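Thank you all for coming.

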Amino acid sequence: MIYLDNAATTKPSKVAIEKALVFNEEKFFNPSGLYQGGLFCANEIKKAKESILRNLGCVNNEVIFTSCGTESDNTAIFSVVKRGVFVTCKGEHSAVHKSFLELKNRGLKIEFIDLNEDGSVNVDKLLNFCFNNEVNFVSIMHVNNETGAINDINSIAKQIKSINSKIIFHSDGVQAYGKIPYKISNDIDLYSISAHKINGLKGVGALIKKKGLHLSPYIIGGGQENGLRSGTENVFGIKVFEYASAEHYNNLLENFNYVNSLKNEFINGLNKTNFAIISGENSSPYILTISAKGLRGEVVMHSLEEKGIIVGNGSACSSKNRFSRVIEACGYNENILDGVIRISFSAENTLDEIKNSVSIINETVENLKGILNK
Ligand code: PLP
């Protein structure tokens, strides 16, 4: 199998799991326990938080561990501001997009800002809206999970704060963390990340929150995570997240350049008469979205699966919809929208895998077109 759907999830790191196994075996204690084992686990969670903050270059922030990126996004959106105007863009993952629709159901005013052709937010329109309205909360994703477009969130947050320093700025960093080089600035109030996108386990995420920002908890109970997210912490999953993050951050630039070379190899090998390339030139090297013009992406995806190549079609979370609402918002017509396929790489992919898969995808699409034109 050649696995090219790493934006959907990644293979958990064996090294990180083995290193963390101790927390499943002899150190299985509840981190809220007041005996030594409990205190030990609580301290290990603290170390995981410090390590994640170092990766992000944060000095004035705290980490709240959650069960996933979706929970981190929901916590940010529903727990910080409860009134006023909420602004996001048309490119967001459903974790943000549908939460905004729920805000609307609850009677709040929401606004979805247009995208550029590559899936990044139209910054002029965003700033213009914030300038002309009493905005309370802005959520703009860091790396778009469908096109790989990178939003310069530090610059966007800075400009928004200069319009009104009271606006709370959240960013969904699920596809950025551990993949592209950056530090988050003091203008970012809230930042969501998820473990399973970087070889951690499913079911672990974190919300990075600026110290001093008031958050009324979304999950209430035993008061874990400084009262901000109750529920006994998944110590094993958190430690795997910490160790998997370290593996990514120790090799961040090396992996970035390597994966970029894989992506370029893939793009160069594609038969351009049959494919349109949707990802922009400056997109994340980890994500390449293309369209098999005139075909259904889902059909191509299944044909590739039969040949042992796993790719995604649009967002894994919206596979029931005919078109991706995000790619549609980039301005493409039906012919392109139908054929969308997402190839997403990891540093574990080899050059041979990429050469093989691009030649198989060329051949598969050529054959499918032949059948269609008979
Ligand atoms: N945000 C983005 C940009 C994503 O790509 C994803 C997952 O695909 C999520 C949020 C949701 O993360 P999780 O699967 O950890 O809930």
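Phe40 counts as partly exposed, at 33% relative accessibility, where buried means under 20% relative accessible area, exposed means over 50% and partly exposed is in between, all with a 1.4 Å probe and protein chains only. Please keep in mind that this is a predicted model, in which local features need pLDDT of at least 70 and side-chain atom pairs count only at pLDDT 80 or more, while totals for chains, interfaces and linings use all residues. Residues are numbered from 1 along each chain as its sequence is written, and side-chain values use heavy atoms, with hydrogens and water left out.

How many aromatic pairs does the model have? Rings of Phe, Tyr and Trp (for Trp, its six-membered ring) pair if their centres lie within 6.5 Å, and planes under 30 degrees apart count as stacked, over 60 as edge-to-face and the rest as tilted; by this rule there are eleven aromatic pairs. One of them joins Phe23 and Phe40, whose ring centres are 6.2 Å apart and whose planes stand at 15°, so the pair is stacked. Phe23 lies in the loop between α1 (14-20) and α2 (36-56), whereas Phe40 belongs to helix α2, so the pair ties together parts that are 17 residues apart in sequence. When I say helix or strand, I mean DSSP runs numbered from the N terminus, with helices being H or I over at least four residues and strands being E over at least two. Phe23 is buried, with a relative accessible area of 6%.

Now to the pair of Phe78 and Tyr218, whose ring centres are 6.3 Å apart with the planes at 10°, so that this pair is stacked. Phe78 is in helix α3 (residues 69-79) and Tyr218 in the loop between β8 (205-210) and α7 (235-250), so the pair ties together parts that are 140 residues apart in sequence. Phe78 counts as buried at 11% relative accessibility, while Tyr218, at 39%, counts as partly exposed. There is also a cluster, in which ring pairs link Phe86, Phe100, Phe112 and Phe137.

Rings can have charges over them as well, and the rule here is that NZ of Lys or CZ of Arg is within 6 Å of the ring centre and within 35 degrees of the ring normal. The charged end of Lys27 sits over the ring of Phe40, 4.6 Å from its centre, and the charged end of Lys19 sits over the ring of Tyr243, 4.2 Å from its centre.

Let me turn to the helices. Two packed helices are described by the angle between their axes and the distance between the axes. Helix α3 packs with helix α4 (residues 94-105) at an angle of about 35°, with the axes 9 Å apart; the axes are lines fitted to C-alpha atoms, for helices over the stretch in contact, and angles run from 0 to 180 degrees between N-to-C directions. The contact, meaning heavy atoms within 4.5 Å, involves residues of α3 including Ile77 and Phe78, and residues of α4 including Phe100 and Leu103.

Helix α7 has 16 residues and reaches 22 Å from its first C-alpha to its last, close to the 22 Å expected at 1.5 Å a residue, where the expected span is 1.5 Å times one less than the number of residues. This helix is mostly covered, with 13 of its 16 residues buried. Helix α12 (residues 351-373) has 23 residues, which should span 33 Å, and its end C-alpha atoms are 33 Å apart, which agrees. Among the buried residues of α12 are Ile354, Val358, Ile361 and Leu368.

Is Glu225 buried or exposed? Glu225 is buried, with a relative accessible area of 6%, whereas Asn226 counts as exposed at 66%. Most residues other than glycine have a negative phi, yet phi is near 50° in Glu225 and near 55° in Asn226. Glu225 lies in the loop between β8 and α7, and that loop is also the place of Asn226.

Finally, Leu337 is found in helix α11 (residues 334-338) and counts as buried at 4% relative accessibility. Not counting residues up to four places away in sequence, Leu337 touches Phe323, Ser324, Ile327, Glu328 and Tyr332.
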